[in-house]
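Hi,

Here is the structure I promised to pass on to you.

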Amino acid sequence: MGIKGNASSLKPYKNPNPHLSLPLPLSLLLLILLIYPNPPLSASVELNPDHQASLLLFKSWLQDPNQALSTWVGFNCTSWAGLTCHNQTGWLISLNLTAINLSGPLHPMLCMITTLETLVLSRNNFNGTIPQCFGNIRGLRTLDLGFNRFSGDIPGTFVKLRHLRELLLNGNQGLGGFLPSWIGNFSKKLEKLDLSSNMFRGKIPKSLFYLESLEYLDLGNNYLLGNVGEFNQPLVYLNLGSNELSGTLPCFSASVESLSVLNLANNSIVGGIPTCIASLRSLSRLNLSSNGLKYEISPRLVFSEKLLVLDLSFNGLSGPLPSKIAETTDKSGLVLLDLSHNQFSGEIPSRITELKSLQALFLSHNLLTGEIPARIGNLTYLQVIDLSHNLLSGSIPSNIVGCFQLLALILNDNNLYGEIQPELDALDSLKILDISNNKISGEIPLTLAGCKSLEVVDFSSNNLSGALNDAITKWQNLRFLSLARNKFNGALPNWLFTFQMMQAMDLSGNRFSGFIPDGNFNISLNFNYNDIGPRTPEEPLIAIQDPEIKAFATVAGSNELSFNYDLFSTVGIDLSGNLLHGEIPAGLFGLQGLEYLNLSYNFLDGQIPGLEKMQRLRVLDLSHNSLSGQIPENISSLRNLTLLNLSYNCFSGIVPKEQGYWRFPGAFAGNPELCVESSGGKCEMASIPTVPAKAFKEEMEDGPISVWVFGVSAIVSFYSGVVSMFCSARARNYIMQTKV
């Protein structure tokens, strides 16, 4: 917003150095006044001495680590950072110190600069309460104290700021209390009010519903109560999201021609979506997500082509998906459509492929049936497709490669079948490919080597088979790989641990055989991360399967979408439930960043290497193998370890009580030659299983870290002979399986 000088409010100018000035001819002076009725801002002007003194006192209370105010010396206003002075008087009219890392309280002498029209101190670390004396700067038009650390209430003296056009106090999490009743009538010129991301509570003052000048209102991320209410002025921007508002949706009739952004997400609004919402002709963004909305969407609810973002996710909406939700043209229309986490049923309407501007489509967590529309490839701007957690069937349509800009294809938890199409290699920008928990069969096509941008790949819980091919080696940005619970076989390749960005790898529940490759384990940055500082207490990790991937897309400023995702997964390796044998490579136990390691239900033998480097390890499961030797004493030094299972192996020797292994009940069951020292100093055998006659095949079906292993508590000498044969029986079982 431009700064306008008000000549009628200025005092006569006094030149501090009259002997150095030259008198202007009267005709020239008149010409200047005609051209510039409001005195212009000069490239060089001398700062008013009183204002200079006030600013220096203001500065004296602040911490300025970046020396941003080091230019505050001398008398030239234009050389002082953040200042704008009036050309003739030298009075300060604008102070803008945005985002320069200042901190400390505000000196009250700042209020002595009563000529200020613009005061912007946003995005710093100012603290304390907002000075009451700000109400004395009665000429203020813009006051922006957003994103600081102010606390307390809004000063009552603000009621004096009758010329204020913009008041921004957002992002001060210590600022709160009830919104004052006068907030909507202290200035009849107020156009923008932003009090978002604070601690305000109570109801929205009625005065805000009738403030005619108001165009922009943001009260989001507070603790406001009551009904949304009908605003009686033509708003352009309204954000009441993330509060505790209730009631039903109003029509916003006064804003039919003006309202562009409407955000009521994360509240407790109930009822259906009234069709009058579609009459908001200028609406470009509508977010009603995370409320209690129900019922079907009326076919008459069709938005204009100006709507870019529609988010109705996390509600209780039901019935069929609307066949037409918004008008569209070749150059405009919906960019983001999110109808996820509802109860929509039926098929995905084919007309959804007519939304040619669509860049993100979220339909996950519904009850959708039928096949993925065959013409989905017509949406050439699509970057994100999430159809997960539905009841979709059929195969992945081959023309999906028409979405050549695709960054995320998320189809997990459906009933899809068929094979992975080799043509998918055309999606060379793809970062996330998740087809887990379906019925996909066949092998991984070699052509997928073309998807070089892949970062998250989840093929788990399907019917895939074959050996691992070299196509995977081309995914050099890979962060998460899960092939768990399929029918893959063959030896593990030597390149398995050569991904620099790898965070989690899960190959469990397959038929991989041979040795664990003794590769270069130092390549992965996450596996070797050695910061072992204080950790936030978390629940014990049971598995690394099914990571939480939060994909989100935002549209800001234009119709171009920005896509990001967060991967919440343990840093871990899971090779359990396979046919691996031989010794565990020592390098695997030198990974300082590893939090989860599961090698259970294999045929591994030899001794456990040293574990002293694995200080971040939280879960270690080596159960149901043929490991031997003594239990390493250094396991007890792993202070983050919350779950340990070494049961059903061939360990021997004594486990001293001072090692603290009492923290892991059942961790040593099924080791016939192992003696666990009790609290009384006696040696108790740890060989008795809870279900001693359980067949190995049944154990495999139960999966890694099965519950019954940790339920071991009774020790019965009768079963010791049964367990003694377990090591050799396992070896014979392995030989028989490999000969088949």
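**Strands, sheet and cores**

Strand S7 (residues 149-152) and strand S9 (residues 174-178) run parallel and are joined by two bridges. Strands here are DSSP E runs of at least two residues, helices H or I runs of at least four, both numbered from the N terminus. Gly152 has Leu175 in S9 as its bridge partner.

This is a predicted model, with pLDDT of at least 70 needed for local features and 80 or more for side-chain atom pairs, while totals for chains, interfaces and linings use all residues. Numbering starts from 1 along each chain as its sequence is written, and side-chain values use heavy atoms, without hydrogens or water.

S7 and S9 belong to an open sheet of six strands, paired in parallel in the order S3-S5-S7-S9-S11-S13; a pair needs at least two DSSP bridges. Strand S3 (103-104) and strand S13 (223-225) are at the edges with a single partner strand each, so one side of each has no neighbour in the sheet.

Now the nonpolar cores (buried Ala, Val, Leu, Ile, Met, Phe, Trp, Tyr and Cys joined through side-chain atoms within 4.5 Å). The largest has 174 residues, and Leu95 and Phe134 have the most contacts inside it. Among the residues that Phe134 touches are Leu106, Leu110, Phe158 and Leu161, leaving aside residues up to four places away in sequence; contact means heavy atoms within 4.5 Å. A second, separate core of 20 residues includes Val309 and Ile410.

Across the protein chain, 53% of the 740 residues are buried (under 20% relative accessible area, 1.4 Å probe, protein chains only).

Best wishes

Methods. Buried < 20%, exposed > 50% of the residue type's maximum accessible area, 1.4 Å probe, protein only.
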